[in-house]
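I opened this notebook to record what I looked up in one model, going from the whole chain down to single residues. The entries are in the order in which I made them.

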Amino acid sequence: MTSTITKVHNGFVAAFDEVVRRANDEPAWLRDFRIASFERFRQRGFPSVTEEEWKYTNIAPIAKADFAPVIHLNGAAPTEMTMRELAYQEARVRFVFINGIFRRELSLMDEAPPGLTAIDLKEAANDARFAGVIRESLDQHGDAPNGFVALNNALFSGGLLLKLEPEVAVSGAIHLAFLATSVNGDRPAVSPRVLVHAGKNCAATIIESYTSAGGSAYLTNAVVDFQIDDSAQIQHYKVQRESAAGFHIAATNAVLGRAAKYKTTSINLGGAISRHNIEVLMDHEGAECAVDGLYMVEGSQHTDTHSVIDHASPHCTSRQIYKGILDGKSRAVFNGKVFVRHGAQQTDAQQTNKNLLLSKEAQVDTKPQLEIYADDVKCTHGAAVGQLDEDELFYLESRGINPSLARNMLTYGFAEEVIEKITIESIKRELDSIVLNRLNQGSGAHGLEDLT
C-alpha cells in the first residue's frame, strides 16, 4: 500500500524530502513531528468514500491531480487590484499569505496594538517564549484524523503564530488573508497553518478569508487552531471564496478555557470541492461557543461540513445553526456532532441545519447527532430540507410581485438569517452582493438590488 501511495503522490514525496533537507533551522521535536506525520500520510493516503466520515464526499479528483506543493516563496505576487479585494475596512491589522506562506512585507501591521505578537511558526518554535504553546498545539494533531491534516503537519511552511497577551482588547478586526495563485501555469498545493493563542480576559475579532487569482486548479489544505484561555472572547469569521477550479480542505480547532467564549461563522461559497472540519473542545466549566454557517453552491459544486462540539465539562453552552442554499446539480453534506461527556452536567446545547433546494437535481445529506453521557442536560437538534413555500410565493405574487423576484426574495431571506448575525458590516455587504448576484443570474430577475 505504501509503495502505491508513494507512486501516486510523488510530488508530495519530493516536497517532503526537501522540507526535511531544509529542517536544519527547526528544533528536533518539530522535525520528528513532520517525519511521523508524513509516515501517517504514506500509510493512510487521502480519505476515500469507504471511510464513514467521508462516505458522501469523493475527493478522487484531488487525489489524482498532479499538484505542485508550495513549501517556500516561489515568486507569486498579487496585483494591486487583488490586494484591494482582500481588504476589509474594519480590519486594522492584516496578515497576508500567498500560497500559504506568510508575507510580512505585504501585510498591514502598523496599527497592531501592544500585546499582539505575530511571528513565523518556525521562528516561534525556536523561541523559548513560544515553543511550548506551539508544541502543545501540534501534539493534538499528532494522530492526524485524516490524510489531509497529516499532510499539512508535514509540509506547512511560513505559518503564523498570533499571540494575544492577557487583558488585551483589540479594536477593529484582525484579518488573515489567504491568496492562492499559480506561477508559470503550475497547479499549487498550499498548506496554510495558523495558531491563535488568546490569553486570559483578552478580546478580538478575527477574519479568515480565502480567495484566488487566476483560473488554474489548485489545492488549499489549511489548519487553523485556536487556544482560548480563561474568560477570553474570540469572534471568528471564515469566508471561503475559492475559484471554481480550486479545491478547499480546512480544519478549524478551538480549545476553550474556563468561561471562555468562542463565536464562529463560516461562509462557504467557492471551490469545486470544499470540506470544512470544525472541532470545539470545552474542557473547562462555563465555556460557551456559537458555531454558525452558510453554504451556497451551484452547478456541480460539492461542499461538506463536519463539526464536533465536545462538552467535556459541566455548565457549558453551545449553539449551532447552519443553512445551505443549493442550485443546479450541486451537493452539500452536513454532519454535526454534539458530545456530552460523563459528568458534564448542566450542558445546554442546540443544533440546527436547514437546507433550501432551488432545483430538482440538487442534493443534500444532513445528519445532526447528539451523543449524551450525562443526565442533567438540555439538548436539542434538528434538520430540514425543502424547497420554497408555494403559499408564500402565491402571497407575494398576489401582491403584484414578479414570480422570479418573489422566489429570490424568499431565498434571500433564508440566507439573511445567518448573514444578519454577522457584526462586520463589510462582510455583510459582500455576502449580500454575492447572494443577490447569484440569484439574479439564476433567475434572470431584475430589480433585486432594491431588497438591500
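The entries below cover the chain, its sheet, a helix, salt bridges and a few single residues.

**Entry 1: ground rules.** I noted that this is a predicted model, in which local features need pLDDT of at least 70 and side-chain atom pairs count only at pLDDT 80 or more, while totals for chains, interfaces and linings use all residues. Residues are numbered from 1 along each chain as its sequence is written, and side-chain values use heavy atoms, with hydrogens and water left out.

**Entry 2: the whole chain.** I looked up the secondary structure and found 11 helices and 21 strands in the protein chain; helices (H or I, at least four residues) and strands (E, at least two) are DSSP runs numbered from the N terminus. The radius of gyration is 22 Å, close to the 22 Å that the globule rule gives for 452 residues, so the chain is as compact as a globular protein of that length; the radius is taken over C-alpha atoms, and the rule is 2.2 Å times the number of residues to the power 0.38. Along its principal axes the C-alpha trace spans about 70 × 55 × 50 Å.

I then turned to burial and found that 58% of the 452 residues count as buried, where buried means under 20% relative accessible area, exposed over 50%, and partly exposed in between (1.4 Å probe, protein chains only). The accessible surface comes to about 18500 Å², of which 48% belongs to carbon and sulfur atoms; the areas come from the Shrake-Rupley method with a 1.4 Å probe, and for residues only the protein chains shown count as cover. Among contacts with a separation of 6 or more, residues 24 or more positions apart account for 83%, a contact being heavy atoms within 4.5 Å.

**Entry 3: the sheet.** I traced an open sheet of 10 strands in the order S3-S2-S6-S9-S11-S13-S15-S17-S19-S21, with mixed pairing; two strands pair if DSSP finds at least two bridges between them. Its edge strands are S3 (101-108) and S21 (377-386), each of which pairs on one side only. Neighbouring strands of this sheet are turned by 10° against each other on average, direction ignored; axes here are lines fitted to C-alpha atoms, for helices over the stretch in contact, and angles run from 0 to 180 degrees between N-to-C directions.

Within the sheet I checked S17 (residues 317-326) and S19 (residues 347-357), which run parallel and are joined by 10 bridges; the bridge partner of Leu326 in S19 is Leu357. Helix H10 (residues 403-419) lies across S13 (261-268), S15 (288-297), S17 and S19, running at about 155° to S17.

**Entry 4: salt bridges.** How many salt bridges does the structure hold? I found 20, with a salt bridge defined as a side-chain nitrogen of Lys or Arg within 4 Å of a carboxyl oxygen of Asp or Glu.

The side chains of Glu417 and Lys323 meet in one of them, at 2.3 Å from N to O. This pair links distant parts of the chain, with Glu417 in helix H10 and Lys323 in strand S17, 94 residues apart. Glu417 is partly exposed at 38% relative accessible area, whereas Lys323 counts as buried at 3%.

I also looked up Asp348 and Lys378, whose side chains meet in a salt bridge at 3.8 Å, N to O. Asp348 lies in strand S19 and Lys378 in strand S21, so the pair ties together parts that are 30 residues apart in sequence. At 13% relative accessibility Asp348 counts as buried, while Lys378 counts as exposed at 53%.

**Entry 5: single residues.** Asn99 lies in the loop between strand S2 (91-98) and S3, and is buried, with a relative accessible area of 0%. Ser231 also has a positive phi, near 65°, and sits in the loop between S10 (218-228) and S11 (233-240); Ser231 is partly exposed at 30%.

The C-alpha atoms of Gln233 and Cys202 are separated by 6.3 Å, although the two residues are 31 residues apart along the chain.
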